[in-house]
Amino acid sequence: MLSRRYAFLFRLQRPKSKGHFAVYVGETERKRFAVPISYLKHHTFQNLLGQAEEELGFDHPNGALTIPCWEEVFLNLISNL
């Protein structure tokens with residue numbers, strides 16, 4: 001069974017929710033997530049974004065931030081925020 005936080009993220013994959021921003025997560029096949037803006041203040045999430053910037057720069061042709069990591073790693077990280 002998915003935790004409450006995982007279920008929340010899966011529900012927010014498509015809608016444009018106030019107070020959230022879109023990210024694409026995945027190494028090759030990318031999945032869209034809407035994550036709370038409050039995550040931006042967490043050091044761990046900032047480190048993840050920094051690593052994504054080093055790998056991809058700021059060019060995001062799909063219109064959202066892209067985080068090139070495994071989906072399971074991303075979900076594990078945000079479940080601890």
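## Ground rules

Residues are numbered from 1 along each chain as its sequence is written, and side-chain values use heavy atoms, leaving out hydrogens and water. Because the model is predicted, local features need pLDDT of at least 70 and side-chain atom pairs count only at pLDDT 80 or more, while totals for chains, interfaces and linings use all residues.

## The salt bridge

Searching the whole structure turns up one salt bridge (a side-chain nitrogen of Lys or Arg within 4 Å of a carboxyl oxygen of Asp or Glu). Its partners are Glu 71 and Lys 31, at 3.5 Å, N to O. Glu 71 belongs to helix H3 (residues 71-79) and Lys 31 to strand S2 (residues 31-36), so the pair ties together parts that are 40 residues apart in sequence. Helices (H or I, at least four residues) and strands (E, at least two) are DSSP runs, numbered from the N terminus.

Glu 71 is partly exposed at 22% relative accessibility, and Lys 31 is also partly exposed, at 28%. Here buried means under 20% relative accessible area, exposed over 50%, and partly exposed in between (1.4 Å probe, protein chains only).

## The two faces of H2

Now to helix H2 (residues 43-56). Its buried residues are Phe 45, Leu 48 and Ala 52. They cover an arc of only 55° around the axis, which puts them on the same side of H2; the arc is that of the directions from the helix axis to the C-beta atoms. The face turned away from that buried side carries the exposed residues His 43, Gln 51 and Glu 54.

After H2 comes Gly 57, with a positive phi near 75°.

Terms used. Expected span 1.5 Å × (residues − 1).
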